[in-house]
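Work through these exercises with the model open. Try each task before reading its solution.

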Amino acid sequence: MKKSELKIVFMGTPSFALPSLKMLIEEGFCVEAVFTQPDRKTGRGHKMLPPPVKTAAQDFCLPVCQFEKVRTPEGVGKLRSLSPDLLITAAYGQILTQEILDIPKLGCINVHASLLPKYRGAAPVQWAIIGGEKKTGVTTMMTALALDSGDMLEKDELPIPANMTAGELYGALSHLGAKTLQRTLDKLLNGTLVKTPQKEEEATYFPMFKKGFGQIDFNQDCARIRDFVRGTNPQPGAFVLFDCHKIKVFQVECGPACENAQPGEVLSADLKSGLVIAAKGGTVTLRELQWPGKSKTTDREFLCGRSVPVGFIFGSRT
């Protein structure tokens with residue numbers, strides 16, 4: 001079968017999926033339609049905005065299908081009417097039923113942003129950094145009914161630099177995912193694609209972030225706090241609570257321990273030293289912060305006109 005003869009339905013929603021969709025178009029694959037999540041109200045103005053994949057699909061003049069739940073009779077019926085040879089998913093954001101998985105002749109291939117079987121679940125990029133991993137990657141897999149449990153197809157690794165944020169890693173993995181998917185499809189077409197079952201005993205699963213997640217726990221050691229801040233930047237965002245305000249934290253710096261200091265205790269808050277807080281086994285300087293309704297600032301800019309008393313205790317994560 002030629003690329004142009006392989007009828008594909010692509011399912012994706014956020015920017016992570018864009019390089020994969022673009023690769024399919026540029027490589028001459030036959031993308032019959034694109035399924036993506038409905039438009040959502042976002043931002044302070046609650047303006048209705050389309051997902052990035054919808055905008056890209058329209059730019060490519062591809063039919064767009066948006067269902068609140070694709071597993072409804074209407075969604076299944078639309079997909080069945082397209083008679084695809086293959087489904088490709090990349091951060092689509094909906095669970096596919098067995099009825100849907102049985103529609104394409106060749107099954108469904110998913111582009112997952114981790115080295116499976118590690119970091120199954122909805123936020124593998126963030127959790128890998130929070131977990132202190134030095135490398136991650138992309139795995140293409142055959143989608144099965146159980147979450148991220150299908151046979152693995154191709155893998156590519158990517159190192160995680162010490163200062164890389166989840167947002168930066170997300171972008172890097174999205175481009176890597178397109179390359180991994182392209183190799184997967186090439187092997188599928190030439191008959192050399194190998195399916196490798198995942199080892200369940202090595203699997204780890206991490207959930208979606210709950211509302212309110214992100215408060216820094218200074219009872220953790222400095223390295224874990226640094227990874228936590230990197231892993232939640234930009235979303236869902238790390239924060240501390242001060243005077244009933246949620247102060248977002250985007251960058252921290254680890255330092256040596258201070259004797260007799262309580263975790264969460266403010267050790268200095270001046271223009272010379274910055275905002276230094278005690279943590280388990282060391283200190284953490286909050287280098288980039290954001291007051292509610294304001295722009296990001298350095299810690300020294302943050303302290304101009306604001307007083308954070310030395311000795312104040314930032315609470316643990318709730």
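**Exercise 1. Find which charge lies over the face of phenylalanine 239, and at what distance from the ring centre.**

Solution. Apply the test: NZ of Lys or CZ of Arg must be within 6 Å of the ring centre and within 35 degrees of the ring normal. Lysine 246 lies over the face of phenylalanine 239. The distance is 4.5 Å from the ring centre. Now turn to phenylalanine 302: arginine 306 lies over its face, at 5.0 Å from the ring centre.

Two notes on the source. This is a predicted model, where local features need pLDDT of at least 70 and side-chain atom pairs count only at pLDDT 80 or more, while totals for chains, interfaces and linings use all residues. Residues are numbered from 1 along each chain as its sequence is written, and side-chain values use heavy atoms, leaving out hydrogens and water.

**Exercise 2. Classify the aromatic pair of phenylalanine 242 and phenylalanine 314.**

Solution. Start with the rule: rings of Phe, Tyr and Trp (its six-membered ring) pair if their centres lie within 6.5 Å; planes under 30 degrees apart are stacked, over 60 edge-to-face, and the rest tilted. The whole structure holds 13 aromatic pairs. In this one, phenylalanine 242 and phenylalanine 314 are 6.4 Å apart centre to centre, with 50° between the planes, so the pair is tilted. Phenylalanine 242 is in strand β12 (residues 238-242), and phenylalanine 314 is in the segment after α8 (299-303), 72 residues apart. Helices (H or I, at least four residues) and strands (E, at least two) are DSSP runs, numbered from the N terminus. Finally, check burial: both phenylalanine 242 and phenylalanine 314 are buried. Buried means under 20% relative accessible area, exposed over 50%, partly exposed in between (1.4 Å probe, protein chains only).

**Exercise 3. Is isoleucine 95 buried or exposed?**

Solution. Locate isoleucine 95 in the loop between β6 (86-90) and α4 (98-101). Its relative accessible area is 53%, so isoleucine 95 is exposed.

**Exercise 4. State how many helices and strands the chain has, and what share of its residues is buried.**

Solution. Count eight helices and 17 strands. Of the 318 residues, 47% count as buried.
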